[in-house]
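Thanks for making time this morning. I would like to walk you through a few places in this structure, so please have the sequence and the view open as we go.

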Amino acid sequence: HTYDRVNRQIAITIATYPYHFLLATLFFSAFLSLSLFHSTLEDDIRRSFSPPKSRAAREEEIYKQFYNITSVPQRAFIIFYAKDGGTMLRENHIDEMFQINQIMTDVLLRQRCYIFISMFSPPAMFPNRVFSNRSTIIHAGTIMFWHLANADNPHKFKTLQNVTTTLFEMSRRRNVTKWINFNIFGDEIANREMIRGAYQATKLMIVGFLLLICFVFLVVWRKMEFNLLPPIVFATIFSPFLAAISSFGIISWLQLPIYSMMCITPFLILGIGVDDAFIMIQSWTSLKAKTSRKERLAQVFIEIGPSISITSITNLIAFGIGYLTPTPQMSLFCLCTSFACLLDYIFTFTLLAPILYLADKSENDYVMAKKVSKNELGEQCLTSYSKLICSWKGQIIAIILLVILYSLSAIGVLKMKSTFEPVKAFPSDSIPTSSFTVLRDVFDQFFPLQIVISKPPNISNSTEYNEFYDMIRSLEALPNSYGPNRTMIFLKAYEDFDRITGQENFTPSYDNLPIFLDHIKNPPFIKMSNEKGEHKLVSFVITATARNMSEWSNRAEYVDACRTTLRNYPRFNATVYDGDSAVLDLILTAKKDLIGSITVTVICMATVCLFFIGSKIGVLVIASTILSICFTLVGSLSWWGADMDPVTMVDVLIATGFSVDYTAHIAYKFYKVTGCREERIKQSFREMCGPMFQAGISTILCMLPLIFVPTYAILAFAKTVFLDVGIALLHGFFILPILLVTLCRDNRKEASNDKKMNICGMINNDINNGSLLEK
């Protein structure tokens, strides 16, 4: 067959020029890695989860144009509360609060990078002759200052970073203040904690790397002489590691940033890549009857070609589709890992194969480890299990098991909430986590949403005037809105001012607006122009207020409802602005995006499997099994505490790629071998049980230390891997075989067509107790 001839020719070429391929691989990797010296580490948590092209990005541009700034404003929330748990509305407490807040205010004002301060302000900022004090508040347990700063150059950014860090360290020392405690939460603190979480994960992953080395040493030692262990183990580990480093190089050559989530990539590729190496080593040691090393390597390539290709291509597709997710951090993580899968696939042939070929110098007398004697008990268990798979009892057990799994999974999926919080990107044991908890309590009572009015109404025109206030009333009627007269809009105060200074027959106009703005110190949220001596209101910002916004899913729905309301009043060209709008949009579409991505992934994988397996029924069984694994996985993740968010979406897509490793090979072997159904499934188990278990063990060993990382995004990935391995093994060893023996056609017809389906001639039927270590 053509595929066999291509594999044979590649093997002969590598065997003829092994040193050339080694040097070419090393030089190619070195060339790609050179760009790492100019790589960019993206540590901005908002940019990490904000799609560059979205309606949120457009709203952000309008917001920046309004304030005439070039970069996204940096946020800092300072939250104050009394040490004795009482009200903050006491003189000593308020004075001490202003002293702490003044540290931030003075620094930012000196650097001229202030946009504004919101949420709570000194009464002196609002002259009584303009705004009367109608407040009836007698108790305030928490007061929060919301600072927005324009750090549009490195010096300003460093200044903001320093003052934020200073206040953060002060907040950790509770003896700094006498009457109050305070927490600070801001973009810079979140960025700092996100990097710390990635650093923690990297340190723990090194432990997983060491465990993997021990596992590789053990597996290779059981198959080869001790003197061959150093070069073979080195090549097994070095090949995927070099692929991971080179993939980072490609990302840097493309001038794309490196995100903290990518710290997982090298270790993930190690878990995937060593399994391809196991396949090659097992095949090499099994073909001891070959009298020529070149012929031996050629036969190895013919046998392992389909196995490694199925694994690598399906993983490549899964990560490639994950790249389409709108979250930049998760998207580039998938892209980087996809490159690494491709390079590891190539390096398995151009790096591992030449070293394996050169390490064994013998021609005829191959030095092998002593063959393990046949396990009679294991053979009996395998025979009994194969009979169970082919019996009606096995079918009944499978049906009962699937009913239980699907019922529990359905409950889990239905109770899974669509939400996401940036706090999931940094360690749960960090101080900002407690600050975020307080922030949630504040947003439950008061949540502001800024709205930019780009085309102000002509208040002298009764039609525009009434339509504008209809829009305000519609916003105030939305669910969770505070209701009538709670929107912060300067026009109401200005009308009172204008009415006082106006004539008897009062008609609202902007004639007295310059005087009004002088009275209130020309706040930055009102923009006027002076054309030919005529003052004109250009644009302004209003603030809608809501409550019950501690859950980000509620915020997402509220912001989207505000957008819908504003679209009904196009005359005013109003747009919302929330610094987290991009993440909120992802929450609204997470479930739909996940279903669509899984569907596309499964279709692509089914196409790949059809090329190698050749049986439409077999491919249909594989696709159904993968869908079953994905559904059960999502439900299980819900029971384990996961939310429906961009992190879960990407994790499930990756797990979809892994699922093929535990299904396609059993199906491939079943349709390749001949005999009765029981014999075929028994032979499939005999050759695949060991490899599939070892594949699961190698993956779990790499990911195992991640369960100790207190960062949600990383821990969720580890949970997904563990659950996927367990669920996939259950399907691969029980559900899939029952479907295969139930749906396959008459054996005599299958046996006669076997050679037609076997497009690769992968494994000789006389290979007995050897098992390919496939993933």
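Let me start with Ile629, which counts as buried because its relative accessibility is 0%, and please keep in mind throughout that what we are looking at is a predicted model. Ile629 sits in helix α20, which covers residues 616-639. Leaving aside residues up to four places away in sequence, Ile629 touches Ser659, Thr663, Asp724, Ile727, Ala728 and His731. One of these, Asp724, lies 95 residues away along the chain, and yet the C-alpha atoms of Ile629 and Asp724 are separated by 7.5 Å.

Next, a pair of helices. Which residues of α10 meet α21? On the α10 side they are Ile310, Thr311, Thr314, Asn315, Ala318, Phe319, Ile321 and Gly322, and on the α21 side they are Leu653, Ile654, Gly657, Phe658, Val660 and Asp661. The residues of this contact divide into 8 nonpolar, 5 polar and 1 charged. As for geometry, the axes of α10 (residues 293-322) and α21 (residues 646-661) come within 8 Å and cross at roughly 170°, which means that α10 is roughly antiparallel to α21.

Helix α11, residues 328-359, reaches 43 Å from its first C-alpha to its last, close to the 46 Å expected for its 32 residues, although α11 bends by about 45° at Phe347. Helix α11 is also mostly covered, with 27 of its 32 residues buried. In helix α23, residues 677-703, the end C-alpha atoms are 37 Å apart, which agrees with the 39 Å that its 27 residues should span; α23 bends by about 40° at Met688, and a proline, Pro691, follows within four residues.

Conventions: Residues numbered from 1 in each chain as written. Predicted model: local features only at pLDDT ≥ 70, side-chain atom pairs only at ≥ 80, totals over all residues. Heavy atoms only, no water. Helix = DSSP H or I, 4+ residues; strand = E, 2+ residues; numbered from the N terminus. Buried < 20%, exposed > 50% of the residue type's maximum accessible area, 1.4 Å probe, protein only. Contact = heavy atoms within 4.5 Å. Expected span 1.5 Å × (residues − 1). Bend = angle between axes of the 7 residues up to and from the residue. Axes fitted to C-alpha atoms, helices over the stretch in contact; angles between N-to-C directions. Parallel < 35°, antiparallel > 145°, perpendicular 65-115°, else oblique. Nonpolar A, V, L, I, M, F, W, Y, C, P; charged D, E, K, R; others polar.
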